[in-house]
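Here are my notes for you, written as numbered points. Keep the model open while you read, and click on each residue as it comes up.

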Amino acid sequence: MKEKMLVKQLGAALLLCVHMALCILREGLRCLLPRARKDLRGDVVLITGGGRGIGRHLAKEFAKQGAKKVILWGRTEKCLKETSEEISLGGTECHYFICDVANREEVYRQAMVVREKVGDITILVNNAAVVHGRSLIDSDDDALLKSQHINTLGQFWTTKAFLPRMLELRCGHVVCINSILSLSSIPGAIDYCTSKASSLAFMESLTLGLLDCPGVACTTVLPFHTNTEMFQGMRVRFPQLFPPLRPELVAQRTVDAVRTNTAFVYLPWTMRVLVMLKSILPQYALEEIYKFSGIYSCMNTFKGRT
């Protein structure tokens, strides 16, 4: 009996190895061959933090790629209105709503308003985020809570508000604009790194949980430092080797990932190397890399928008 069980387990392990090899081969072919891209003409896209920065460029890119409607959520009406008008002038129907994703009741309330006034959301982009750029000791308690509520818990509320209908329709996509700092933290941004790590765990769990849900998928984007107001003043030692990303590029790669149904996107792709090094190098070696590259002190000149 034990021998039969052992043979069965060995057979299952061998089959797993074959499946893994096929998955690696398939991914290699995907990288080499042109990928089929989803048509966005029937999609209604909602973007949190959609008034400026990456959110604004996401709205423009989704509209450019043919989205049926674009909806912007944020806390600053001036920015939302300007972006909405720009999108509308381009010929895409665009609406904006004042909504603080940190406020659970407000999220649920505005979600109902969106469904009544605009229709069902088929692509949800969780982009809203804040960073305070302080050490733990120098951080205000309310500021720490704010970053956790917006960067992490906000995703819980927005996803709970829109995902059930996506599952009913068997049509939907949940997108998270995360950060490479969720995998490799830096000093001086302890609130942001912590909240983004939680956000990544949320998306990893959600992505796995939706594997058996036809028509509904997830995409998590992990960009390096992006040239927006949020991280203004952040400096690395060798900017020629590690230049900040353009928000337009992040938006383009995000929309393309949605269209190709790509689960995780690292920007630039070399960030994968950083993740691998972190998993194999001893801590003192990583500390030397951080100091040499300037990551250890990059937030010393931070003066970004919170």
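1. Start with S182. Leaving aside neighbours within four places in sequence, S182 is in contact with C193, K196, A197, L200 and L222, where contact means heavy atoms within 4.5 Å. You'll find S182 in the loop between β5 and α6; helices here are DSSP runs of H or I with at least four residues, strands are runs of E with at least two, and both are numbered from the N terminus. S182 has a relative accessible area of 10%, so it is buried (buried means under 20%, exposed over 50%, partly exposed in between, with a 1.4 Å probe and protein chains only). S182 and S297 are 115 residues apart in sequence and 18 Å apart in space, C-alpha to C-alpha.

2. A word on what you're looking at. This is a predicted model, in which local features need pLDDT of at least 70 and side-chain atom pairs count only at pLDDT 80 or more, while totals for chains, interfaces and linings use all residues. Residues are numbered from 1 along each chain as its sequence is written, and side-chain values use heavy atoms, with hydrogens and water left out.

3. Now look at α6 itself.

4. Next, α5 beside α6. Their axes come within 7 Å and cross at roughly 20° (axes are lines fitted to C-alpha atoms, for helices over the stretch in contact, and angles run from 0 to 180 degrees between N-to-C directions). That makes α5 roughly parallel to α6 (under 35 degrees is roughly parallel, over 145 roughly antiparallel, 65 to 115 roughly perpendicular, the rest oblique). Among the residues making the contact are L144, F156 and L163 of α5 and F202, M203 and L206 of α6. By class, the contact divides into 7 nonpolar, 10 polar and 1 charged (Ala, Val, Leu, Ile, Met, Phe, Trp, Tyr, Cys and Pro count as nonpolar, Asp, Glu, Lys and Arg as charged, and the others, Gly among them, as polar).

5. Over to H57, which sits in helix α2 (residues 53–64). Is H57 buried or exposed? H57 is buried, because its relative accessible area is 19%. Not counting residues up to four places away in sequence, H57 touches P247, E248 and A251.

6. Those partners bring us to α7 (residues 247–259), whose axis comes within 8 Å of that of α2, crossing at roughly 50°. That makes α2 oblique to α7. On the α2 side I54, H57, L58, E61 and F62 take part, meeting residues of α7 that include V250, V255 and V258. The contact of α2 with α7 has 8 nonpolar, 3 polar and 2 charged residues.

7. Finally, α2 with α3 (residues 77–89): the axes come within 10 Å and cross at roughly 15°, so α2 and α3 are roughly parallel to each other. R56, A59, K60 and A63 of α2 meet E82, T83, E86 and I87 of α3. Here the classes are 3 nonpolar, 1 polar and 4 charged. As a general point, an α-helix has 3.6 residues a turn, so residues three or four places apart point the same way.
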